[in-house]
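Hi there,

Here is the structure I promised to pass on to you. Have a look at it first, and then read my notes below.

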Amino acid sequence: MAPSVQALVLVGGKGTRLRPLTLSAPKPMLPTAGQPFLTHLLARIREAGITDVVLGTSFKAEVFEEYYGDGSSLGLNLTYVTEDQPLGTGGGIRNVYDSLTADTILVFNGDVLGGTDIRDVVTTHSESGAEVTLHLVKVSDPRAFGCVPTDASGRVTAFLEKTQDPPTNQINAGTYVFDRRVIGEIPVGRPVSVEREVFPSLLAQGRHIHAHVDNAYWRDMGTPEDFVRGSADLVRGIAPSPIIAQRCGEALVLDDADVAANAVLIGGTVVGRGATVGSGARLDGAVVFDGAMVEAGAVVERSIVGFGARVGAGALVRDTVIGDRASIGARCELLRGARVWPEIQIPDGGVRFSTDV
Ligand code: GTP
């Protein structure tokens with residue numbers, strides 16, 4: 001018997017805003033509180049009682065199947081549909097159409113960390129009788145997002161691009177419920193954006209798109225700043241995840257990591273497997289990937305240290321992304337959005353913001 005609800009997770013994006021970390025790993029597979037980010041989302045889907053999940057892959061497609069296989073270790077039946085050329089969010093949804101058997105399809109952006117009960121979104125969809133339901137969240141500053149106004153009955157009235165003067169604080173949370181036949185109407189064989197083309201076109205035709213609005217935890221993990229915040233929120237129990245049984249406190253230190261007794265780990269810091277943190281180092285909201293090294297006296301704040309990378313003694317790293325196996329020399333200062341490419345070696349004292357010697 002066909003399942004009543006199937007899920008599709010879009011994971012085919014290139015994740016350009018998270019480069020250089022996404023040069024070697026697709027964004028949904030980046031480690032987040034000890035697990036690939038996607039595992040947290042798949043566990044939420046499973047928790048909602050949905051077991052049939054399709055992953056819509058493109059960029060680095062093979063990585064997903066190698067890691068998750070048939071999905072049975074997560075209690076899921078996982079299948080993979082790959083776009084040879086990325087088809088965008090709408091094209092990616094259309095591309096899996098032949099693999100869908102349920103009448104109701106839940107679609108997720110693969111980079112959203114959320115706390116909404118997925119079942120409630122499906123219930124809103126079935127109760128309203130809409131053809132598509134969008135999960136919307138209310139945010140304090142909607143200017144950075146497209147916003148989605150609704151009427152008094154909860155029906156979506158427009159799908160607006162970013163503006164300095166948004167008419168509502170409701171934004172698209174990147175989770176949708178589709179009646180399967182609507183997916184069949186998306187144009188085939190060319191890139192299509194679900195946000196810029198599919199939803200506006202359905203609204204222009206007067207079709208019923210409904211909203212499920214709430215204030216639950218929500219974060220798009222697409223930028224370094226959001227990735228660092230989301231990771232810290234998982235560690236501190238601010239963002240819920242079914243695979244983190246309880247809040248870990250101020251820091252999560254994974255297996256075989258070696259942290260000096262007098263190092264300070266706060267702000268939801270994660271120290272990856274086999275990573276080392278030297279004496280007197282201070283990590284505040286740091287995400288240290290597996291096998292990386294933070295040497296004595298270094299300070300790492302709100303930054304990501306890639307796989308096998310090194311932060312030299314006494315260095316200051318703040319709001320920075322350090323690529324895999326890069327080496328930051330002792331006493332360097334990297335601040336405010338700096339990105340160090342993989343394998344790059346910066347000599348001791350080689351980058352400074354201050355004029356002290
Ligand atoms: P940026 O390049 O940093 O914008 O990241 P991105 O490529 O992931 O794009 P975006 O954050 O807008 O994508 C939202 C979700 O859709 C992510 O989970 C992506 O993996 C996914 N996605 C984006 N483009 C495609 C695509 O062409 N095909 C598929 N299958 N998924 C996509």
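Arg331 counts as partly exposed because its relative accessibility is 46%; buried means under 20% relative accessible area, exposed over 50%, and partly exposed in between, with a 1.4 Å probe and protein chains only. Arg331 is not a glycine, yet its phi is positive, about 65°. You will find Arg331 in the loop between β25 (327–328) and β26 (333–334). Helices (H or I, at least four residues) and strands (E, at least two) are DSSP runs, numbered from the N terminus.

Before you go on, please note that this is a predicted model, in which local features need pLDDT of at least 70 and side-chain atom pairs count only at pLDDT 80 or more, while totals for chains, interfaces and linings use all residues. Residues are numbered from 1 along each chain as its sequence is written, and side-chain values use heavy atoms, with hydrogens and water left out.

Glu343 also has a positive phi, near 70°, and is a residue other than glycine. Glu343 sits in the loop between β27 (339–340) and β28 (345–346), and its relative accessible area of 47% makes it partly exposed.

Two other loop residues are buried. Ser58, in the loop between β4 (52–57) and α3 (62–68), counts as buried at 11% relative accessibility. Leaving aside neighbours within four places in sequence, Ser58 is in contact (heavy atoms within 4.5 Å) with Gly12, Thr82, Glu83, Gln85 and Pro86. Thr320 lies in the loop between β23 (316–318) and β24 (321–322) and counts as buried at 1% relative accessibility. Not counting residues up to four places away in sequence, Thr320 touches Arg302, Ser303, Ile304, Leu334, Leu335, Arg336 and Ala338. From Thr320 to Gly184 it is 136 residues in sequence and 43 Å in space, C-alpha to C-alpha.

One more loop to look at is the one between β1 (5–10) and α1 (21–24), where Pro20 is found. The peptide bond that joins Arg19 and Pro20 is cis, with omega about 10°.

**Helix α2**

How many of the eleven residues of helix α2 are buried? Nine are, so this helix (residues 37–47) is mostly covered. The buried ones are Phe37, Leu38, Thr39, His40, Leu41, Leu42, Ala43, Arg44 and Ile45. After α2 comes Gly49, with a positive phi near 90°.

**The whole protein**

Along the principal axes, the C-alpha atoms fill a box of roughly 65 × 45 × 40 Å. Of the 357 residues, 53% are buried. Among contacts with a separation of 6 or more, 52% are between residues 24 or more positions apart.

An unreviewed UniProt entry carries the annotation "domain: Nucleotidyl transferase" for residues 7–234; UniProt positions are given in the numbering used here, feature names are shortened, and annotations may be inferred rather than shown by experiment. That span is 29% helix and 24% strand, and its end C-alpha atoms lie 23 Å apart.

Enjoy exploring!
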